[in-house]
Amino acid sequence: MVLKELCLLRGVSGDEGRVRDFIRAHVEKHATRVWTDPIGNLMAYKKGTEGKKHVLLAAHMDEVGFMVLGINDNGLLSYEPVGGVDARVVVSKPVLVGEKEVPGVIGAKAIHLQTRAEFEKVLKHDDLYIDIGASTKEEAEKLVKPGDYVSFRSDWQEFGAGLVKAKALDDRLGCVILLQLLQESFACDFYGVFTVQEELGTRGAMAATAQVAPQLALVLEGTTANDLPGLRPDQMVTQVGKGAAITLMDGRTLALPRMVNALFQTAKAHNIPHQPRRGARGGTDGGAIHQGLGGCPVGGISVPCRYIHSPNSLCSLGDMEAAYQLARHFLLDEMWKEVLHHAGT
């Protein structure tokens with residue numbers, strides 16, 4: 001399964017090369033032109049059957065992780081998170097460090113040694129360290145160095161009713177959907193962009209927008225599912241197993257009503273399971289794309305993921321299929337015409 005292979009690859013923000021190489025090998029035979037831009041985005045252009053408007057679809061290759069900041073005299077590594085990582089979910093989690101994939105574990109003072117005040121305090125990244133089994137600084141320096149990227153070490157697992165558990169579902173899910181879309185033909189000229197450094201502020205998307213100058217864009221994402229006991233539906237943001245999530249707004253984008261309506265119309269017309277993405281926190285590449293150059297209508301299609309930005313997030317393969325079908329039919333039905341018509345374009 002392509003999703004499994006992608007999730008198992010290491011690709012912390014700024015170190016997306018393995019993911020990019022894998023995707024490029026799968027996309028070259030389907031696109032008119034494929035290239036890598038100076039910041040590291042993988043750009044795939046596919047000419048439309050009717051040479052009409054050009055549409056950008058984006059999915060980001062990077063995942064959250066860490067970077068080694070220094071090596072202590074006792075061989076333990078200090079680190080900095082790369083992207084939004086909650087320190088409460090990383091204690092005792094296995095990691096891989098640097099190009100040599102040195103195994104390590106994120107450690108903290110044992111509960112037996114903590115004072116009552118320490119026990120009641122929420123741990124921060126400054127309180128933690130990475131243990132690679134070295135007993136001295138010199139021993140550790142033979143294996144790793146400051147600046148090395150650190151990724152979670154997490155296995156792929158299928159369980160339940162069509163559920164999977166893995167690291168980096170955000171946003172290898174979107175990358176798989178985009179790979180599938182590039183195997184098809186549409187009336188519009190189609191730019192599939194696999195972006196870098198989304199988790200550090202949508203940096204790759206900014207560069208891609210300047211190159212493509214899209215007239216309309218769709219962002220394919222893994223998004224927050226907070227479908228836990230005792231919450232109202234509006235507090236859940238999205239729910240696993242309820243279909244593709246259509247973005248209404250997030251921390252960086254307020255979706256235009258005509259775009260939201262076009263996506264909902266497409267889902268209803270083709271009986272595609274769907275749901276609104278409620279909530280205004282977080283952000284996607286859409287935040288950079290919609291305000292780039294002269295402005296661009298942007299829609300968000302997401303796959304709900306529980307425990308996002310952790311070593312073990314969870315999603316439904318059925319929701320991923322729904323997201324793919326929604327994006328596919330939006331393009332096949334040329335719903336971008338509806339959106340651009342109302343924009344006067």
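## Salt bridges overall

Searching the whole structure turns up eleven salt bridges. Keep in mind that this is a predicted model. As for the idea behind such pairs, side chains of opposite charge can pair when their charged atoms come close.

## Arg-18 and its partners

Let's start with Arg-18, which makes a salt bridge with Asp-15; their closest N and O atoms sit 3.1 Å apart. How exposed is Arg-18? Its relative accessibility is 22%, so Arg-18 counts as partly exposed. Asp-15 is buried, because its relative accessible area of 16% is under the 20% cut-off.

Arg-18 also meets the side chain of Glu-99 in a salt bridge, at 3.5 Å from N to O. This pair ties together distant parts of the chain, 81 residues apart: Arg-18 belongs to helix α2 (residues 17–27), while Glu-99 lies in the loop between β6 (94–97) and β7 (102–107). With a relative accessible area of 63%, Glu-99 is exposed.

## Lys-337 and Glu-334

Now for another pair: Lys-337 and Glu-334 form a salt bridge, with 2.6 Å between the closest N and O atoms. Is Glu-334 buried or exposed? Glu-334 is buried, at 16% relative accessible area. Lys-337 is partly exposed, and its figure is 39%.

Conventions
Residues numbered from 1 in each chain as written. Predicted model: local features only at pLDDT ≥ 70, side-chain atom pairs only at ≥ 80, totals over all residues. Heavy atoms only, no water. Salt bridge = Lys/Arg side-chain N within 4 Å of Asp/Glu carboxyl O. Buried < 20%, exposed > 50% of the residue type's maximum accessible area, 1.4 Å probe, protein only. Helix = DSSP H or I, 4+ residues; strand = E, 2+ residues; numbered from the N terminus.
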